[in-house]
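Okay, thanks for coming, everyone. Let me put the structure up, and then I'll walk you through a few spots in it.

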Amino acid sequence: MTTPQRTWTGGALTAKSFLKPHKVAWVMFHPAWIPRSVDPSVETLKRLRVIAGAVAALGVYTYVEGGFAFTEVLDNAATASLVLLFLTPLTVGVMLWVWRRSGAGTVGQLRGPLVSALKLLLLFVGSVIGTVGLFSVSDSLPVFVQLPFMLAALWLAVFVIAGAVRITGNFFGTAVVHRCLPPLLASVTSWLMALFDLVTGDLHGLGLAMGVVFILGAPLTVTGISLLEMRRLNRRYGIRLGAHPATLPHVPGPPPPMPPTAPPYLPPGSPYLPPPQGNPYLPPQGNPYGVPPQGGHPYGVPPGHPYAPYGPNGQNPYGG
């Protein structure tokens, strides 16, 4: 089980960041306490699940109908957020009941991660409701007053859209409770949305056959990818959905990238620099020709050599 960190943004936000709402959403809806993916293949499956979830959220029928209504998207987002506010705690509550019945751990052990995930859920739902409300209020205002409200609403709209992409990947940081919860919640949510359309007969003008195909296609795809993701977590790391998080093996995230070893990319004094090997432009100390010095001659010529200034007994043969 992974315990959440104390920080939310990890120091990644500055005053200039708020000029780019998508960057703010990228940090706010994926806090620093959410654990990293355990495997590159699992991360790839998660991205595929995000794409399939986006198809489920927008609906292929929007393009088939030949139009894209922004107000309808906002209304659907508000409805979906309210459904998530009810569905996510319900699904997590069922899993807490399953884990508690196993007798391997208690609910109290998960209190901290659960509270963090709930905060992220409330932040997203509040952002969606606030965006929809701001657009509604700005429509009823005079033209000269609409500008600041519309700018704020557009900022929030970009913030919510980027946050929705983040949320689809981590599902409110529930991986901090159990790594199998995000794919489970993705499957449950996509099926609930699809079944709601089928039960109410809201086929969006596609007809029965086409409506069933397009509406059920997205949840089937999301479920297939989610099952593959959970199966890979189980086979490679022993992470099972039915096991209490306290009993799961500790799985560290991927190692951080190694720093570059070339000296131009490292500052002086870096611990990653190789030890100095001496100045390559200075000749080695001592005899450059490798002859050991004998008799004190600077070039190491042995005594008795015809060019040696000293005789065999150390006397100068020239009488010096």
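Let's start with K46 and E43: both sit in helix α2, three residues apart, which is about one turn of the helix. When I say helix, I mean a DSSP run of H or I with at least four residues, and strands would be runs of E with at least two, all numbered from the N terminus. Before going on, this is a predicted model, where local features need pLDDT of at least 70 and side-chain atom pairs count only at pLDDT 80 or more, while totals for chains, interfaces and linings use all residues. Residues are numbered from 1 along each chain as its sequence is written, and side-chain values use heavy atoms, with hydrogens and water left out.

So what do the side chains of K46 and E43 form? They meet in a salt bridge, 3.4 Å from N to O. That term means a side-chain nitrogen of Lys or Arg within 4 Å of a carboxyl oxygen of Asp or Glu.

E43 has another partner, R47, with the closest N and O atoms 3.6 Å apart in that salt bridge. E43 and R47 are about one helical turn apart, because they are four residues apart in α2. An α-helix has 3.6 residues a turn, so residues three or four places apart point the same way. Put together, E43, K46 and R47 are linked in a network of salt bridges.

Are K46 and R47 buried or exposed? K46 counts as buried, at 18% relative accessibility, whereas R47 is exposed, with a relative accessible area of 56%. The cut-offs are under 20% relative accessible area for buried, over 50% for exposed and partly exposed in between, using a 1.4 Å probe and protein chains only.

The structure holds three salt bridges, and one of them joins D39 and R236, at 3.2 Å from N to O. This pair links distant parts of the chain, 197 residues apart: D39 is in the loop between α1 (21–28) and α2 (40–58), and R236 is in helix α8 (residues 208–237). D39 is buried, at 14%, while R236 is partly exposed, at 47%.

Now look at α1, where the buried residues are P21, V24, A25 and V27. Down the helix axis they fall within an arc of 165°, so they line one face of α1; the arc is taken from the directions from the helix axis to the C-beta atoms. What covers them includes α6 (143–170), going by contacts, meaning heavy atoms within 4.5 Å.
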